[in-house]
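Please open the structure in a viewer and keep the selection tool at hand.

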Amino acid sequence: MEKQWIPETGDWTRAGVTKTGQGVNFTLELPEAETAELLLFQKGEEEPEAVIPMGEKVMGDLCSIFLKGFRPERYEYAYRIGEEVFVDPRAERILGRKDFGEWDPETGVPALRGGFAFEAYNWENDRHPKIPYEEGILYHLHVRGFTKNQNSRVRHKGTFVGLAEKIPYLKELGVNQLLLMPVYDFDERILPEKEKNIPYQKEGQEPKLNYWGYGKARYFAPKSTYSVKDPVKEFKDLVKKFHAEGIEVLMEIFFPEGTEERLIFDCLEHWVRDYHVDGFYLMGDDSMNRFLARDPMFVGTKLLSTWFDTDNIYERKKTPAFRNLAEHNDGFLVDARRFLKGDEDQLPAFTWRVRKNPAKCAVINYITHHDGFTLMDLVSYEERHNEANGEGGQDGPAYNFSWNCGVEGPSRKKKIQELRLQQMKNAFLLLLFSQGTPMILAGDEFGNSQRGNNNPYCQDNETSWLEWNGLKKQAELFEFVKAAIAFRKTHPLLHQAKELQGTSGSVLGYPDVSCHGQQAWYGNFETTSRHFGMMYCGEEGEYLYVAYNLHWKEQSFALPKLPEGLSWQLVFDTEDGASPEKEIKWIDQKSFEAPPRSILVLEGRK
């Protein structure tokens with residue numbers, strides 16, 4: 001051992017591995033052991049060049065040493081307690097895994113080591129876009145699955161670089177926020193007896209692929225198998241490139257129950273400080289949510305979770321200067337799906353979902369999610385088809401509030417295909433014309449299918465990879481979605497900063513939102529009703545009317561009278577797409593007929 005490596009007592013307040021001007025500090029938590037050893041390896045070598053005792057605990061369960069003169073660029077490291085060698089849970093690089101899914105039959109993982117990430121990075125003039133929730137179009141994706149398919153037309157498939165290659169596509173679609181499934185390091189194959197957080201693993205069963213990435217993880221390192229060469233640099237490049245295009249990058253992070261609170265806080269701080277990440281969807285253990293929401297470090301960072309106790313976070317009469325919290329749960333999904341398929345007694349719940357937009361906490365609306373059917377499968381299957389997962393088809397949600405339009409699975413019947421296309425258009429307008437932040441599952445915009453698998457957690461193949469040929473096959477749907485996103489963006493009535501109250505919202509005394517049926521100003525909310533009209537009015541005299549008819553029969557809608565000089569004009573029709581030239585089937589100039597299972601949008605124009 002070189003003389004300058006004689007360990008000194010370290011700074012225990014510096015968690016993980018940190019560099020100072022004269023050396024490197026190593027701090028390790030030892031809750032169940034008294035001593036540990038630091039193993040230092042020359043890059044690529046099997047045996048350690050140096051074994052250094054971490055010494056006694058200097059504070060609580062923390063032990064810390066400082067190596068003066070240590071040159072980290074030449075080394076990899078691990079820790080050892082007794083006979084067990086393990087990777088630093090706070091390592092900022094993970095080395096030793098070359099290919100996604102690579103594993104050791106005995107241990108369940110390759111021989112991994114920690115690496116150092118002290119290189120300077122030029123962020124140039126990077127800034128957080130800070131897009132208000134009401135302006136957001138959120139897009140949910142799996143980094144590997146998004147571009148891994150051979151038809152993705154990117155050079156570096158399944159990587160951070162490949163995702164960045166899709167920026168022109170995402171700009172064309174109109175999204176301005178990304179929500180990424182886990183991009184930190186996780187074990188891609190898990191032995192059941194070593195990990196209880198991966199679903200559907202049974203004792204004695206062969207390890208399965210952990211494609212999604214949920215479970216225990218090394219939260220401080222970008223995933224090496226999502227990179228071409230350098231995951232640290234490539235993920236920073238990704239964030240910087242998206243920021244330059246006005247697109248935010250949010251991460252999903254799953255913390256199992258009982259995760260140490262300091263690790264949770266330090267993890268989020270790390271990704272905000274070192275990677276300029278814009279926000280997080282906090283999954284799993286939510287015990288820290290209240291404290292994270294109130295911490296000054298994160299008041300400008302978007303925090304998504306199933307629920308926030310905003311009255312206690314902000315006190316009852318206060319609202320945040322910047323609304324950074326958002327409720328992310330299946331509430332909208334369930335109500336919108338039931339309304340879409342034509343279930344009874346859905347109008348009260350759905351009309352509430354359409355308007356929901358609290359001042360203290362935004363709402364993320366979605367009708368599909370990675371966990372469940374894609375949109376194409378939602379209108380093509382009534383039963384889950386998960387046999388390939390190896391669980392006898394018993395895993396995944398048994399009931400999905402789905403309707404197959406009359407045929408289970410793919411169909412060549414033209415009427416079935418047309419009905420499914422119309423239902424997908426309906427679903428997008430239910431989502432995009434609601435006041436919360438819409439979240440689109442990647443690939444839904446061109447009818448991506450998982451062949452009826454509603455739980456592909458272990459499928460690293462064509463089942464989970466986006467089939468980009470869908471852009472040609474479902475060109476009409478893609479163009480419709482682009483038009484609907486653009487329409488939402490240019491019509492603030494559909495994405496307002498404050499929750500609509502049903503009170504006067506225009507200079508002429510019209511309410512900001514109102515419901516209508518066969519009679520103007522009277523919505524029919526009986527159990528058997530499956531249609532209603534919703535009118536929006538702006539302070540400057542803007543008017544929109546959305547006619548929702550999810551009944552299987554044609555229905556009549558009455559229109560409120562507009563101020564003199566304005567008339568109602570059709571701008572969207574899910575039966576024919578965006579077709580302003582189409583003539584509405586007028587009854588008496590004050591009402592019209594909406595086709596079965598259709599949504600029509602009218603605008604008050606001169």
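Helix H8 passes helix H11 in a right-handed crossing. The model on display is a predicted one. To find the contact, select Phe 332, Ala 336, Phe 339 and Leu 340 in H8, together with Gln 423, Asn 426, Ala 427, Leu 430 and Leu 431 in H11. By class, this contact of H8 with H11 comprises seven nonpolar residues and two polar ones, with no charged residue. The two helices pack at an angle of about 140 degrees, and their axes are 11 Å apart. That angle makes H8 oblique to H11.

Next, centre the view on Asp 335, which lies in helix H8. Is Asp 335 buried or exposed? Its relative accessible area is 12%, and because the limit for a buried residue is under 20%, Asp 335 counts as buried. Beyond its neighbours within four places in sequence, Asp 335 is in contact with Gln 346, Ala 349, Phe 350 and Arg 353.

Return to H11 (414-432). At 1.5 Å a residue, its 19 residues should span 27 Å, and the C-alpha atoms at its ends are 27 Å apart, in agreement with that expectation. Of these 19 residues, 14 are buried, so H11 is largely enclosed by the rest of the structure.

The axes of H11 and H13 come within 10 Å and cross at roughly 20 degrees. This makes H11 roughly parallel to H13. The crossing of H11 and H13 is right-handed. From H11, the contact takes in Leu 421, Met 424, Lys 425, Phe 428, Leu 429, Leu 431 and Leu 432; from H13, Glu 476, Leu 477, Phe 480, Val 481, Ala 484, Ile 485 and Arg 488. Eleven of the residues in the contact of H11 with H13 are nonpolar and three are charged, while none is polar.

Lys 482 is buried, with a relative accessible area of 16%. Which residues does Lys 482 contact, leaving aside its neighbours within four places in sequence? They are Glu 172 and Leu 173.

## Met 376 in H10

Move to helix H10, where Met 376 lies. At 14% relative accessibility, Met 376 counts as buried. Apart from its neighbours within four places in sequence, Met 376 is in contact with Met 424, Gly 447, Asn 448, Ser 449 and Gln 474. Then select Pro 410 as well: Met 376 and Pro 410 are 34 residues apart in sequence, and their C-alpha atoms are 9.8 Å apart in space.

## The covered helix H4

Select helix H4 (residues 231-244), whose 14 residues should span 20 Å at 1.5 Å a residue; its end C-alpha atoms are 20 Å apart, which agrees. H4 is mostly covered, with eleven of its 14 residues buried. Among the buried residues are Pro 231, Val 232, Phe 235, Leu 238, Val 239 and Phe 242. The buried set in H4 also includes Glu 234, Lys 236, Asp 237, Lys 240 and His 243.

Most residues other than glycine have a negative phi. The last two selections depart from this pattern.

Cys 405 has a phi near 65 degrees, a positive value in a residue other than glycine. Look for Cys 405 in the loop between helix H10 (375-378) and helix H11. Cys 405 is buried, with a relative accessible area of 4%.

Finally, select Glu 124, where phi is near 55 degrees, again a positive value in a residue other than glycine. Glu 124 lies in the loop between strand S10 (113-115) and strand S11 (138-141). Is Glu 124 buried or exposed? Glu 124 is exposed, with a relative accessible area of 56%.

Definitions and conventions:
Residues are numbered from 1 along each chain as its sequence is written. This is a predicted model: local features need pLDDT of at least 70, side-chain atom pairs count only at pLDDT 80 or more; totals for chains, interfaces and linings use all residues. Side-chain values use heavy atoms; hydrogens and water are left out. Helices (H or I, at least four residues) and strands (E, at least two) are DSSP runs, numbered from the N terminus. Buried means under 20% relative accessible area, exposed over 50%, partly exposed in between (1.4 Å probe, protein chains only). The expected span of a helix is 1.5 Å times one less than its number of residues. Contact means heavy atoms within 4.5 Å. Axes are lines fitted to C-alpha atoms, for helices over the stretch in contact, and angles run from 0 to 180 degrees between N-to-C directions. Angles under 35 degrees count as roughly parallel, over 145 as roughly antiparallel, 65 to 115 as roughly perpendicular and the rest as oblique. A crossing is left-handed if the near helix is turned anticlockwise from the far one by less than a right angle, and right-handed if clockwise. Ala, Val, Leu, Ile, Met, Phe, Trp, Tyr, Cys and Pro count as nonpolar, Asp, Glu, Lys and Arg as charged, and the others, Gly among them, as polar.
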